[in-house]
Amino acid sequence: MELRQIQYFIEVAKREHVTEAAHALHVAQSAVSRQIANLESELGVSLFIREGRNVKLTALGKIFLNHAEKALREIEKAKQEIEEYLDPAKGAIRLGFPSSLAAYILPTVISAFRAKYPNIRFQLKQGSFHYLIDSVISGEIDIAFIAPVPTDIKEVEGHIFFSDKIVALLPSHHTLADYPALRLSQLKDESFALFPKGFVLYQLVANACLQMGFEPKVAFEGEDIDAIKGLVATGLGVTLLPEVTLIDSIPRGTIKIPISEPDLARTVGVIIPKKRKLPPSEQLFYDFIGEFFTMLNRFSQ
C-alpha cells in the first residue's frame with residue numbers, strides 16, 4: 001500500500017468523482033483509476049460503487065476512509081514535527097477556539113505571540129465545547145482555548161488562565177437598566193436570547209436560573225454571540241454573556257450589568273492532549289500563553 005494510493009482514495013471519496021479528483025490532484029484520470037483499482041485489489045474489497053460518472057463509498061469504503069484520514073493526518077504531523085525540529089520558529093500551530101473567545105482573547109494572544117515569532121503559521125478551527133475536546137483527543141488539533149476548562153476528562157490536560165464573570169446584557173431602555181447590579185431572580189419574567197440547549201453557555205445560565213428558583217423563558221436561540229447581542233439591542237429580550245465577550249463590543253442600545261446573586265463565572269484556559277507530546281512550535285506557543293496570562297494577571301491585580 002502506497003501513500004499515493006491513500007491520497008488518491010481520499011480525494012475521490014471527498015469529491016465522489018474520479019475526473020474531478022484527478023483535476024484536483026493534477027494527474028491523469030487513468031492514473032487515479034489505476035491506483036484505486038490497485039488499492040481495492042490489495043485490500044480484497046470494493047471501496048466504491050460506480051453510479052454513472054459518480055462514485056459512492058461502500059460500507060467498507062467508509063470504514064477505510066476514516067482510518068485513511070487519520071493515517072494521513074499522522075503522516076503530515078510527522079513531516080511537520082521534523083520541519084519544526086529543524087527550526088521551531090518556522091512551524092505551524094493547529095489551534096482551536098470557541099466563539100466566545102474569538103473577538104478579544106484569541107487575536108490578543110496571537111498578536112503578542114507573532115510579535116515574537118513572526119514566521120510561525122496558525123491553522124485555526126472554531127468549534128463548540130465538545131467539538132474542541134473531541135478534536136484534541138483525536139489529534140485533529142493539539143491546543144484549544146476553552147471555557148470552562150474541563151477537569152474530568154482523562155484524555156486532556158487543562159490549564160486555567162483566569163475566571164470570567166457572567167454578566168447581564170439588557171436593552172438600555174429596560175426598567176432595570178439603572179441598577180448597579182442585579183440578582184438573577186430579577187430577570188425571571190424576562191424573555192431570554194440564549195445559546196441552544198446542549199451548549200455549555202446555555203447550561204451554565206439554565207443551572208444558575210434553577211438555583212434561583214426559576215426556568216428561563218427562552219424566546220430566541222442562536223449560536224452566534226453577535227446575533228444574540230443584536231436581539232438585545234433591538235429590545236427583543238435579555239441575555240447573560242461572559243464578560244470577555246463585551247470588553248470591546250457592547251452594542252449600542254444595550255447596557256452591561258453585573259450579577260450579584262448567584263456568583264456566576266466560568267474558567268478560561270487551554271487544553272492539550274495528555275498522552276501526546278506537543279510538536280516544538282506548539283510547545284513554544286503553549287509556554288508563551290502560560291507566561292502571557294501570568295503577566296496579565298499580575299498587572300490586573
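Ala, Val, Leu, Ile, Met, Phe, Trp, Tyr, Cys and Pro count here as nonpolar, Asp, Glu, Lys and Arg as charged, and the others, Gly among them, as polar. This is a predicted model, in which local features need pLDDT of at least 70, side-chain atom pairs count only at pLDDT 80 or more, and totals for chains, interfaces and linings use all residues. Residues are numbered from 1 along each chain as its sequence is written, and side-chain values use heavy atoms, with hydrogens and water left out.

On a 1 Å grid over the protein atoms alone, a cavity is a set of points where a 1.4 Å probe fits but cannot get out, and a pocket is an open set with protein on both sides within 12 Å along at least five of seven lines; lining residues have an atom within 4 Å of a point. Points are joined across faces, edges and corners, and a volume is the space filled by probe spheres set on them.

| Space | Volume | Lining |
|---|---|---|
| Largest pocket | about 330 Å³ | three nonpolar, three polar, eleven charged |
| Second largest pocket | about 220 Å³ | eight nonpolar, five polar, two charged |
| Largest cavity | about 40 Å³ | nine nonpolar, one polar, no charged |

Of the 17 residues lining the largest pocket, Glu76, Gln80, Ala92, Arg94 and Gln123 lie nearest its centre. Helix 4 (59-86) gives the largest share, six residues. Helices (H or I, at least four residues) and strands (E, at least two) are DSSP runs, numbered from the N terminus.

The second largest pocket has 15 lining residues, with Pro98, Ser99, Ser128, Phe195 and Phe199 closest to its centre.

One cavity of 30 Å³ or more is counted. Its lining includes Ala193, Tyr202 and Thr239.
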